[in-house]
Amino acid sequence: MKVPLLDLKPHLAPLRKEILEAVTRVVDSTCYILGDEVEGLEAEIARYCGTMSGIGVSSGTDALLVSLMALGIGQGDQVLTTPYTFFATMGSILRVGARPVFADIDPQDYNIDPVAMEEILEQDRRQGRKIRAIMVVHLFGQCARMDRIMELARTYDLPVIEDAAQAIGAEFPEVENGRTTWYRAGSMGICGCFSFFPSKNLGGIGDGGMVVTGDPGFEELLRCLRNHGAKPKYHHRLTGGNFRLDPIQAAVLRVKLPRLETWHSRRRENRERYNRLFADAGLLDDPVVTPQAVYEQADGADSHNYHIFNQYVIRVPRRDELRAYLQDAGIGCEVYYPVCLHRQPCLPAGRYRDLSCPVAEKAARETLALPIYPELSEAQQAYVVEKIQTFYASR
Ligand SMILES: *Cc1c(COP(=O)(O)O)cnc(C)c1O
């Protein structure tokens with residue numbers, strides 16, 4: 001049996017006709033830069049996220065970059081972020097000339113740890129405040145601890161950029177006076193950044209991204225920077241760039257957005273099934289397999305926070321051996337991420353030599369992502385678990 005990490009063929013099949021119609025509509029319109037399709041998607045994504053506005057951009061990476069530019073972050077500034085994420089989080093900080101500062105992660109859920117953040121922010125305050133912003137990542141589809149992070153942001157008076165590239169539609173509960181309000185990823189900070197890279201839960205047929213914000217002034221800055229900082233045309237009050245979303249991508253994404261909740265539900269069902277299968281196989285007791293923890297609700301209600309499972313990640317012993325074994329058995333799996341950001345070779349030699357983020361470094365050695373895409377069958381999941389069971393039984 002073959003179980004790819006992600007299979008876009010069964011995903012495309014039921015939508016193929018509508019997607020081709022959408023592409024044709026753009027081609028026939030001869031409107032190839034911004035325009036109605038981009039504006040339509042911007043409004044739809046903003047509504048979906050519960051924010052005021054969306055600004056379509058060229059990728060998730062550019063969403064982060066243009067957000068930092070709009071905050072005026074540059075040379076001499078520092079941005080507090082996580083060492084355990086995709087490179088673009090740090091890459092955007094480096095590209096504006098700022099310096100990333102890393103707070104270690106939580107060992108259970110892999111998101112940035114508010115306790116580690118507070119230590120760093122307190123130290124920064126004593127040393128004269130170089131940190132100008134917080135860039136938080138909602139890793140694998142689950143929101144970071146936004147209640148505590150937003151509290152820190154208020155205490156230290158810092159803007160929060162949410163890297164929600166893996167978490168469109170994820171929700172985080174805020175309990176106030178006994179009432180729970182659910183906020184969608186991207187709607188809690190000054191802005192939220194999304195990616196439409198094909199492997200995200202809402203993926204285009206190429207690159208694309210979006211920034212959402214509830215701040216009208218910030219929206220205006222983003223729109224201006226996305227288009228070379230021009231306003232009006234050919235009068236450049238800022239040095240922006242070409243960060244525009246392609247209308248073909250927008251038109252395709254508008255076909256897909258109404259189905260997004262169904263796909264999230266299937267991913268969540270697949271996660272439940274994995275957890276059941278691992279329990280039945282006796283792999284959770286020892287434990288051999290430790291799935292990413294989902295934050296429990298403080299009020300003990302039946303629900304957890306709403307995790308959209310862009311990735312289903314387990315922690316295992318002898319990870320690299322297991323990975324090779326699964327790949328030989330036709331099972332796609334991947335390590336997100338094998339090298340922490342503060343250990344990346346593009347950084348100035350020695351800058352982070354004395355920094356250790358032991359929790360992130362351990363995660364980088366022990367975690368493995370398994371297939372979780374919505375069209376995954378029960379038989380495929382059973383096969384994945386059976387192979388993992390065999391691997392640990394035979395050695
Ligand atoms: C995918 C991703 C990005 C970058 O998105 P692109 O659209 O590929 O540029 C940024 N941050 C995180 C956490 C991601 O997973």
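Figure 1. The model shown here is predicted. Lys200 also points a polar side-chain atom at the ligand, with 2.6 Å to an oxygen atom. Asp163 takes part too: an N or O atom in its side chain is 2.8 Å from a nitrogen atom of the ligand. On its own, the ligand has 380 Å² of accessible area, and the protein covers 93% of it.

**Figure 2. The ligand sits in the largest pocket.** Two elements each give two or more residues to the shell around the ligand: α4 (60-70) and α5 (87-95). In total, 15 residues surround the ligand. The closest are Gly60, Thr61, Asp163, Ser195 and Lys200. Sorted by class, the shell holds eight polar residues, five nonpolar residues and two charged residues.

**Figure 3. A cis peptide bond links Asp286 to Pro287.** Omega for this bond is near -10°. Pro287 belongs to a loop. On one side of that loop is α10 (260-280), and on the other is β10 (290-291).

**Figure 4. Tyr336 and Tyr337 are joined by a cis peptide bond.** Here omega is about 5°. Find Tyr337 in the loop between α11 (319-328) and α12 (358-366).

**Figure 5. Leu34 has a positive phi.** The value is near 50°, and the residue is not a glycine. Most residues other than glycine have a negative phi. Leu34 is placed in the loop that runs between α2 (16-29) and α3 (36-49).

Figure 6. Along the principal axes, the C-alpha atoms of the protein chain fill a box of roughly 70 × 60 × 50 Å. The chain has 395 residues, and a compact globule with that number would have a radius of gyration near 21 Å. The protein chain has 21 Å, so its value agrees with that of a compact globule.

How values were computed
Residues numbered from 1 in each chain as written. Predicted model: local features only at pLDDT ≥ 70, side-chain atom pairs only at ≥ 80, totals over all residues. Heavy atoms only, no water. Near = heavy atom within 4 Å. Polar contact = N/O pair within 3.5 Å; in protein donor to acceptor, adjacent residues only side chain to side chain. Areas by Shrake-Rupley, 256 points an atom, 1.4 Å probe, with all protein chains shown as cover. 1 Å grid on protein atoms, 1.4 Å probe; cavity = no way out; pocket = protein on both sides within 12 Å on 5 of 7 lines; lining within 4 Å. Sits in = over half its atoms within 2 Å of the grid points. Helix = DSSP H or I, 4+ residues; strand = E, 2+ residues; numbered from the N terminus. Nonpolar A, V, L, I, M, F, W, Y, C, P; charged D, E, K, R; others polar. Rg over C-alpha atoms; globule rule 2.2 N^0.38 Å.
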